[in-house]
Amino acid sequence: MPRKVTYGVDFDDEYDIYDDYNEDNYDYNYGNGTDDHNTAWDSVEVKHEIKQEVARQNVWRCPICTFDNEEYLSSCDICGVLRNPLVRSNNNGQSSTVAPNLNKPSTSTAPSNKTTNNANTSTSAIPSATSAPSNSKVKSDYVENSHASKVEAHTSNKTTNNLSSELNSMTVTGKSGNSKIDNKEKIPSRVEYKPEKWMLVDQTNDRLTQLNLAIVGHVDSGKSTLSGRLLHLLGQISQKQMHKYEKEAKLQGKGSFAYAWALDESAEERERGITMTVAVAYFNSNKYHVVILDSPGHKDFVPNMISGATQADAAILVIDASLGAFEAGIASAGGQTREHAQLIRSFGVDQIIVSVNKMDAVQYSKDRFDTIKLQLGTFLRSCNFRDSNVSWVPLSAMENQNLVGPASDARFSWYKGPSLLEAIDALQPPAREYSKPLLMPICDVIKLPSQGQVSACGKLEAGALRNGSKVLVLPSGDVGTVRSLERDSLPCSVARAGDNVAVSLQGIDASSVMSGGVLCHPDFPVAVSDRLELKILVLDVQTPILIGSQLEFHIHHAKEVAKVAKIVSLLDPKTGKVTKKSPRCLLAKQSAIVEVVLHGEVCVDEFSSSRALGRVFLRSSGTTVAVGVVTRVITAERN
């Protein structure tokens, strides 16, 4: 009955994408207006050869290796040198500078008037003499698409700025055959979006409000056992099925894992006795239709926890009350209770239920509960959880104490608060963005090659869907049609913001739909970028973050290799004002503005526009080193 969801793509830890770059030839002063050293690019001979570049139809010659490249290439196919703007003749005989297209020949090209000076003076193609050679895979659309109209002829000591201005005139287009967006001005503002009547919630509908509830906590704290026992008590797991789990667990000598096996269904999970991927299950309370997201607690599977629990509206933080177990989870080195609490708050979850499990192991001691509440409460306040939004529920999942009703054990008589189920009903309903354009990050993809079908699974963050709706799939840029919808594994005709759905698509290639992508409204696409500006908070790290540091970049269900390209400034954690510009490194507890370059493109949006696509997490060496939000998308948008 529960279904397992696998997220993300595993990367080879031994491969470093940045090993392909030659550090000796890299100009670290690029774009700073300074030039501390001269290279072979500054020689008079090279400058003369560059100026002698011959413009031929459908071919351009590399000024370094003299290889004849195809017209659509933006850099040399042999040595990787960026192509300089070519001088072409217009129909009237006048020359103009045209930025090269980044893709293969398509129906649209960059208009020549984008590089015309504001004073109506003609611009000349002056190639830079200081640009270092780059790998042919480096994308020239890393440069922000702005202020392209200020390109002028400068002397050789300012040619670095010339190249930056010339590259800014480039436009980003989609794949050949798809519709393209040349600049942001052509994308309608989301404020202009007007939802149709069927997209809004019918107030007369008596359907329960959906609540996505993440179950998080330190490894072996009893998260899966708690979830399985709760599902069994609420009738979601039959007695026959439960008897089967108990029999199988006893045969392997793990009788106490019977309830956990209701969610840990894979053979590897049962053999190792830990949760490895996020399990999804459902039950109804008096107030909510609850979607349980049972997350792994082992530190090796935190990326899976991030991908799954990012859908959460609220969370249950499970604590092991056993002596030594709580202390291990809250420890600064390797404690998953601490890391999970920080991540959950970074997801935007502000309501949390702290379930102090295994109280039977400490004889239902009130003193032990108060000690845990005091220590953990102080830490949760440091994570910006408000005391009014934190509920404390002592319980025992194995002994069925205080789960769906009051505790029956006499030793538990000191507790007069709500049970776990009552605490869930006491949570405030989440706000939904029904009136905004469609937005659904893809967490999983189901492909049926024999039937030619592909389904995208995820949580609708905004808007609504119904059969026959047109959707834009990013980052591929293909448009498909909704063939059918499933909500909570049951067919439905309409799905709205907050629903967990499986969207079956037709009229689209299955390879275009991938985990980490996004389904959005065709007229309101989100950005696809590989260079971002972030506002981050550095967590408890031992190693400082430096320029050039390589990190794991997580955003919604996408994971990419990232490199810190620039540390812009340090911020005051309280006021957010700039305290220092261009610091050399970032230490623990510091807040800063940084720029990162990603190995591959991700679907992203500024946090002010979309919270679901604007939260990021940076990890290194198996630990989360920083959390933050996207403040600026540097690369131009495209669909």
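Tutor: Rings of Phe, Tyr and Trp (its six-membered ring) pair if their centres lie within 6.5 Å; planes under 30 degrees apart count as stacked, over 60 as edge-to-face and the rest as tilted. By this rule, the count here is six aromatic pairs. The rings of Phe347 and Phe617 are edge-to-face, because their centres are 5.0 Å apart and their planes stand at 85°. This pair joins distant parts of the chain, 270 residues apart: Phe347 is in the loop between H8 and strand S11 (352-357), and Phe617 is in strand S30 (residues 615-620). Helices (H or I, at least four residues) and strands (E, at least two) are DSSP runs, numbered from the N terminus.

The model is predicted: local features need pLDDT of at least 70, side-chain atom pairs count only at pLDDT 80 or more, and totals for chains, interfaces and linings use all residues. Residues are numbered from 1 along each chain as its sequence is written, and side-chain values use heavy atoms, with hydrogens and water left out.

Student: Is Phe617 buried or exposed?

Tutor: Buried means under 20% relative accessible area, exposed over 50%, partly exposed in between (1.4 Å probe, protein chains only). Phe617 has 2% relative accessibility and therefore counts as buried; Phe347, at 7%, is also buried.

Student: Which residues does Ser346 touch, not counting those up to four places away in sequence?

Tutor: Contact means heavy atoms within 4.5 Å. Ser346 touches Arg615, Phe617 and Val627 on that basis. Ser346 belongs to helix H8 (residues 336-346) and is buried, with a relative accessible area of 15%.
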